[in-house]
Amino acid sequence: MRRLILVRHAKSDWSAALEDHARPLNKRGRRSAPLIGGWLRERGYLPEEVICSDAARTRETFAGLGIDAPVSYTRLLYHAEAPEILEVLRGASGATVALIGHNPGIGAFAGRIVARPPAHPRFHDYPTAATLVAEFDIDRWRDADFGTARAVDFVVPRELE
């Protein structure tokens, strides 16, 4: 079995006069990331490996989660579409892997990777810091494919406040 934790970055600061890649989290985003991290710890969803977009807001989201796991930052997840995200996942090695990325790609990937979506009203719009936990009945990530994961859990930060 392999477990995927799929996190959209927390709410970013559009008021900052920076190019998109350098945009940081806003106040709400800095509150949301620790809530998601606490939820992951409470439920025992701890990654052995984290693969994170190299944008400022995704890096800051990972830091805010407070998860102690090896992380690699990659430009490949910056505004990646579902097929590119799948290729990144197929290169993972840990049994439980967290991917941290951006919409619309991360939400589209979430919708395509699971055989059945979770019964959650916010799953299909995948708001900021939304987090899906999904499991695959595979031994190697390179065997992951669309429509083969089972949705185990899904949460948005507002449910944790």
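## Basis of the model

The model is predicted; local features need pLDDT of at least 70, side-chain atom pairs count only at pLDDT 80 or more, and totals for chains, interfaces and linings use all residues. Residues are numbered from 1 along each chain as its sequence is written, and side-chain values use heavy atoms, with hydrogens and water left out.

## Overall fold

The chain has four helices and six strands, where helices (H or I, at least four residues) and strands (E, at least two) are DSSP runs numbered from the N terminus. Along the sequence these elements follow the pattern β-α-β-α-β-α-β-α-β-β. The radius of gyration, taken over C-alpha atoms, is 14 Å, close to the 15 Å from the globule rule for 161 residues, so the chain is as compact as a globular protein of that length. That rule is 2.2 Å times the number of residues to the power 0.38. The C-alpha trace spans about 45 × 30 × 30 Å along its principal axes.

Of the 161 residues, 54% count as buried; buried means under 20% relative accessible area, exposed over 50%, and partly exposed in between (1.4 Å probe, protein chains only). Among contacts (heavy atoms within 4.5 Å) with a separation of 6 or more, 68% join residues 24 or more positions apart.

## Charge and salt bridges

There are 22 positive and 21 negative side chains, and the centres of the two sets lie 5 Å apart. Lys and Arg count as positive and Asp and Glu as negative, without His and the chain ends; each charge is placed at NZ of Lys, CZ of Arg, CG of Asp or CD of Glu. The whole structure holds nine salt bridges, each a side-chain nitrogen of Lys or Arg within 4 Å of a carboxyl oxygen of Asp or Glu.

## The network at Glu135

Arg3, Glu135 and Arg150 are linked in a network of salt bridges. Arg3 pairs with Glu135 at 2.5 Å, N to O. This pair links distant parts of the chain, with Arg3 in strand E1 (residues 2-8) and Glu135 in strand E5 (residues 131-136), 132 residues apart.

Arg150 also bridges to Glu135, with the closest N and O atoms 2.5 Å apart. Arg150 lies in strand E6 and Glu135 in strand E5, so this pair ties together parts 15 residues apart in sequence. Arg3 and Glu135 are both buried, Glu135 having a relative accessible area of 10%, whereas Arg150 is partly exposed at 48%.

## The Arg90–Asp145 pair

Arg90 and Asp145 form a salt bridge with the closest N and O atoms 3.4 Å apart. Arg90 lies in helix H3 (residues 82-90) and Asp145 in the loop between E5 and strand E6 (150-155), so the pair ties together parts 55 residues apart in sequence. Arg90 is partly exposed at 25% relative accessibility, and Asp145 is partly exposed at 35%.
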